[in-house]
Amino acid sequence: MIAQLTGTIAAVGEVYAVVDVNGVGYAVHAGAHTLANLKVGSEAVLAISTIVREDSITLHGFNTAEERDLFELLQGAQKIGPRIARDAIEALRPDVIRHAIATADTTTLSRIPGVGKKSAERIVLDLADKIGPVDLHGVPKQTGGRPGGWRTQVSQGLQALGWTAKEAETAIEQLDAEGADGQDVPTLLKQAIRLLGKR
């Protein structure tokens, strides 16, 4: 089972990257905030979750082992597959998700795309005894403002997808002008892609 890949980024698409490890290219599915950190030609280390099915073997990549482990844990809940598990990690930080499960905070869990109130309740029911120790005193928050370094990450993500540095800068300036706090890097990257796609 592949748990980590270290190699050169050979290509970056909208939902996957190709990691060249000693001449073998591995297609790794990943979310926008993971892909935003990858640049063609650069070295990268990705935490990997390998999903084996009868007709396929799929690799899912993450920035950290913590994200990968939570991705695998979430799929232990009824009706939660790889797509929703990955969207969860795109939408909320791992510590926020773990805290929400530990405290049965279904409102926070319902912010995950594709998860309604009943699914959130099912996640709590199925996983509350499996998430391990969680600090219940400090409530982690998704910060209201935009995350630090978002401009660099969005710029890298756009350039990895084929836009020039100048085009990326133009899109970032437009996002800056629009304001809107509380948006994470994946959301900002998608908005930038939409802005550039209009041309």
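1. Does Met1 count as buried or exposed? Met1 counts as exposed, because its relative accessibility is 81% and the cut-off for exposed is over 50%. Keep in mind that this is a predicted model.

2. Where does Met1 sit? Met1 lies in the segment that precedes strand 1 (4-12).

3. Now the overall layout. The chain holds 5 strands and 9 helices. In sequence order the pattern reads β-β-β-α-β-β-α-α-α-α-α-α-α-α.

4. Next, burial and surface. The chain has 199 residues, and 43% of them count as buried. Its accessible surface is about 10600 Å². Carbon and sulfur atoms account for 51% of that surface.

5. On to the interior. In soluble globular proteins, nonpolar side chains tend to be buried together. Here the largest nonpolar core has 25 residues. The members that touch the most others are Leu74, Ile80, Ile97, Ile101, Leu109, Ile123 and Leu127. Two or more core residues come from each of helix 2 (65-74), helix 3 (82-91), helix 4 (94-102) and helix 6 (117-127).

6. Look at Leu127 in particular. Which residues does Leu127 contact, leaving aside neighbours within four places in sequence? They are Leu73, Leu74, Gly76, Ala77 and Ile101.

7. Last, contacts across the chain. Take those between residues at least 6 apart in sequence: 59% of them join residues at least 24 apart.

Terms used
Residues numbered from 1 in each chain as written. Predicted model: local features only at pLDDT ≥ 70, side-chain atom pairs only at ≥ 80, totals over all residues. Heavy atoms only, no water. Helix = DSSP H or I, 4+ residues; strand = E, 2+ residues; numbered from the N terminus. Buried < 20%, exposed > 50% of the residue type's maximum accessible area, 1.4 Å probe, protein only. Core = buried A, V, L, I, M, F, W, Y, C linked by side-chain atoms within 4.5 Å. Contact = heavy atoms within 4.5 Å. Areas by Shrake-Rupley, 256 points an atom, 1.4 Å probe, with all protein chains shown as cover.
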